[in-house]
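Take a moment to turn the model around before you read on. We'll walk through it piece by piece, in plain words.

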Amino acid sequence: MPARTTEAQFEADMVEWLTTPLSEGGGGYSLGVDSHYDKAVGLDTAELLEFIGDTQASKWEQLVTRYGGGRDLAQTKFVARVANLLDTHGTVHVLRSIIEDQGVKFRLLFDQPASGLNPTLLDLYERNRLTVTRQLHYSTANSNSLDLCLFVNGLPVATAELKNPLTGQGIDHAIEQYERDRDPKELIFARRALVHFAVDPHLAAMTTRLARKGTQFLPFNLGSDPGRLSCGQGNPPNPGGYATSYLWERVWRYDAWIDILSRFV
């Protein structure tokens, strides 16, 4: 484990790897902006609209025309439409489906093509916008923030609370924070993010549903087999980094994470 072991440094090291380009051996994310998160709709609206404009520009122009009130109106209506679909059908369904607004069809996630033979599909896949936002202020009721939130094209899909035993807190404190300080009725927990991680440099755990003291976190560790993720106890030492680095280097990495969201969740 790196010598610098404060919680802030743990978070910084994780985010640094995630935001390193894939071509340089990193995670392929961009750094999200806290203020771009619209708490009322539970979306990073800047990333969502940038993704749509970058990948489906002609369809977007059709939508602006059909609303007939200019781009600002179209943006407001489209964001509201996406939020309504998320509330009604859930994040997985919306990411995997074709959505429709005013008769114009859009995709909010492009899967990795089975081969590289179609350059158009490969280009669209590479234009997915994966972002990680630090200290996300998610609530309209208080100033609470999450250590990390992972977004895909503006949709929050995972949250994480990070701790460090060498500065007095570990994974149990992260779990307690979710149980005690995170209201499961908040939009991001109730109808947006799919999974929540408690992580320290040694151990990781996850849950798909927050329920105060009734929350059930499962171990998300390598256990005795470092080649396979499992619900095993503990993780082997990692001479080159943190024992839990498999989480962001293998699970959250651009291609792996999109594959998980597209096929396995």
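What follows goes from the sheet to the helices and then to the salt bridges.

Bear in mind that this is a predicted model: local features need pLDDT of at least 70, side-chain atom pairs count only at pLDDT 80 or more, and totals for chains, interfaces and linings use all residues. Residues are numbered from 1 along each chain as its sequence is written, and side-chain values use heavy atoms, with hydrogens and water left out.

Let's start with the sheet. Helices (H or I, at least four residues) and strands (E, at least two) are DSSP runs, numbered from the N terminus. There is an open sheet of 7 strands here, in the order 1-6-7-8-9-10-11, with mixed pairing. Two strands count as paired if DSSP finds at least two bridges between them. At the edges sit strand 1 (30-31) and strand 11 (218-219), each of which pairs on one side only.

Now step across it. Strand 1 and strand 6 run parallel, joined by 2 bridges, and Leu31 has Val132 in strand 6 as its bridge partner. Strand 6 then pairs with strand 7 in the antiparallel sense over 7 bridges, with Arg134 standing opposite Leu148 in strand 7. The next pair, strand 7 and strand 8, is antiparallel too, with 5 bridges, and here Phe151 is opposite Pro156 in strand 8. These two strands form a hairpin with 2 residues between them, and Asn153 in the turn has a positive phi of about 55°.

Leu162 finds its bridge partner, Val199, in strand 9. Strand 9 (residues 195-199) and strand 10 (residues 204-207) are antiparallel over 4 bridges, and His196 stands opposite Thr207 in strand 10. A handy thing to know while you look at all this: in a regular strand the side chains alternate between the two faces of the sheet.

How many residues of strand 8 are buried? Buried means under 20% relative accessible area, exposed means over 50%, and partly exposed is in between (1.4 Å probe, protein chains only). In strand 8, 8 of the 8 residues are buried, so this strand is largely enclosed by the rest of the structure.

Next, the helices around the sheet. Helix 1 (residues 7-18) lies across strand 1, strand 6 (130-137), strand 7 (145-152), strand 8 (155-162) and strand 9, running at about 160° to strand 6. Such axes are lines fitted to C-alpha atoms, for helices over the stretch in contact, and the angles run from 0 to 180 degrees between N-to-C directions. Contact means heavy atoms within 4.5 Å. Helix 7 (residues 171-181) has buried residues as well: Ile171, Ala174, Ile175, Gln177, Tyr178 and Glu179. Their cover includes strand 7, strand 8, helix 8 (187-190), strand 9 and strand 10.

Leaving aside residues up to four places away in sequence, Thr91 touches Leu86, Leu155, Pro156, Val157, Arg191, Arg192 and Leu194.

Then look at helix 3 (residues 57-67) and helix 4 (residues 71-89), whose axes come within 9 Å and cross at roughly 100°. The two helices are therefore roughly perpendicular to each other, a label for angles of 65 to 115 degrees (under 35 is roughly parallel, over 145 roughly antiparallel, and the rest oblique). Trp60, Glu61, Leu63, Val64 and Tyr67 in helix 3 meet Arg71, Leu73, Ala74, Gln75, Lys77 and Phe78 in helix 4.

What else links these two helices? Arg71 forms a salt bridge with Glu61, their closest N and O atoms being 2.8 Å apart. Since Arg71 is in helix 4 and Glu61 in helix 3, the pair ties together parts that are 10 residues apart in sequence. A salt bridge is a side-chain nitrogen of Lys or Arg within 4 Å of a carboxyl oxygen of Asp or Glu, and the structure holds 13 of them.

Another salt bridge joins Asp259 and Arg263. Both lie in helix 10 (residues 254-264), 4 residues apart, about one turn of the helix. Asp259 is partly exposed at 26% relative accessible area, whereas Arg263, at 55%, counts as exposed.
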